[in-house]
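Subject: Structure for you to look at

Hello,

Here is the structure I said I would pass on. My notes follow below it.

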Amino acid sequence: MSGIDSILEIIESQQKMTENNIIHSAEEKARAIETDGDSKAENAYNEYMKKALQKAENDYRNACNSVRAENRRKLLKCRVEMIETATSKVIDRLSGLPDGEYFEMIFRLAGRKIQKGDGKIYFSGKDLVRLPADFSEQLSALATGAGGTVEISATPADIENGFILEYGLISENCTLGAILESEKDSVRDILAKELFGR
């Protein structure tokens, strides 16, 4: 083998070695890139799934809260309607009491409202014609005890039940509906306990 052949053989051998090193290095870089890509893809997937799961849990929780809130609103509306119906029935029942019981209730109510000064009391046309015979005297006795007077007006008031009590320019609506409305919180509490056991 001549010197040139030896040199060529050495060059060829080194070239193959260099090629192998380049290929080996490229393969290692490709594996590293692939591993890094897989790792990044897995991390991205895990992050996406974590966010998606969190979003799904939040959406579910919000949906449950919304449904619960809507149910509470419907339940409250139903309870308010039931209380209003019960209040209306209470007024009807009190209005429909026999005359003796009805005017005994009116007398007790007047006793809480009559005050010092000269007053006038107005009843509905229906109530005016069924007043007990001694009702005017009973009211006068109440007024005297409070340091005043009270006169029953012959003119009927445009009311269904109860009475209007007037002292000069000040008049107080003492119809059953107005009284229940003024005491609505305590009346509603009582009705809620009766209706719902609370």
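What volume does the largest pocket have? About 210 Å³. Please keep in mind that this is a predicted model.

The pocket
The lining of the largest pocket is made up of Leu94, Met105, Arg108, Leu109, Arg112, Leu176, Ile179, Leu180 and Glu183. By type, six of these residues are nonpolar and three are charged, with no polar ones. Two helices, H2 (99–113) and H5 (176–182), each contribute at least two residues to the lining. H2 has the largest share, with four residues.

The core
The largest nonpolar core contains 22 residues, and Ile106, Ile114 and Phe163 have the most contacts inside it. Two or more residues of this core come from each of H2, helix H4 (135–145), strand S3 (163–167) and H5. Here too H2 gives the largest share, six residues. Apart from its neighbours within four places in sequence, Ile114 is in contact with Leu139, Leu142, Ala143, Ala146, Val150, Leu165 and Tyr167.

Asn161
Asn161 sits in the loop between strand S2 (148–152) and S3. Its relative accessible area is 7%, which is under 20%, so Asn161 counts as buried. The side chain of Asn161 makes a polar contact of 2.9 Å with the side chain of Ser95. A polar atom of the Asn161 side chain also lies 3.0 Å from the backbone nitrogen of Leu176, and Leu176 is one of the residues lining the largest pocket. Neighbours within four places in sequence aside, the residues in contact with Asn161 include Ile91, Tyr102, Asp127, Thr175 and Gly177.

Regards

Note on methods: Residues numbered from 1 in each chain as written. Predicted model: local features only at pLDDT ≥ 70, side-chain atom pairs only at ≥ 80, totals over all residues. Heavy atoms only, no water. 1 Å grid on protein atoms, 1.4 Å probe; cavity = no way out; pocket = protein on both sides within 12 Å on 5 of 7 lines; lining within 4 Å. Points joined across faces, edges and corners; volume = space filled by probe spheres on them. Nonpolar A, V, L, I, M, F, W, Y, C, P; charged D, E, K, R; others polar. Core = buried A, V, L, I, M, F, W, Y, C linked by side-chain atoms within 4.5 Å. Buried < 20%, exposed > 50% of the residue type's maximum accessible area, 1.4 Å probe, protein only. Contact = heavy atoms within 4.5 Å. Polar contact = N/O pair within 3.5 Å; in protein donor to acceptor, adjacent residues only side chain to side chain.
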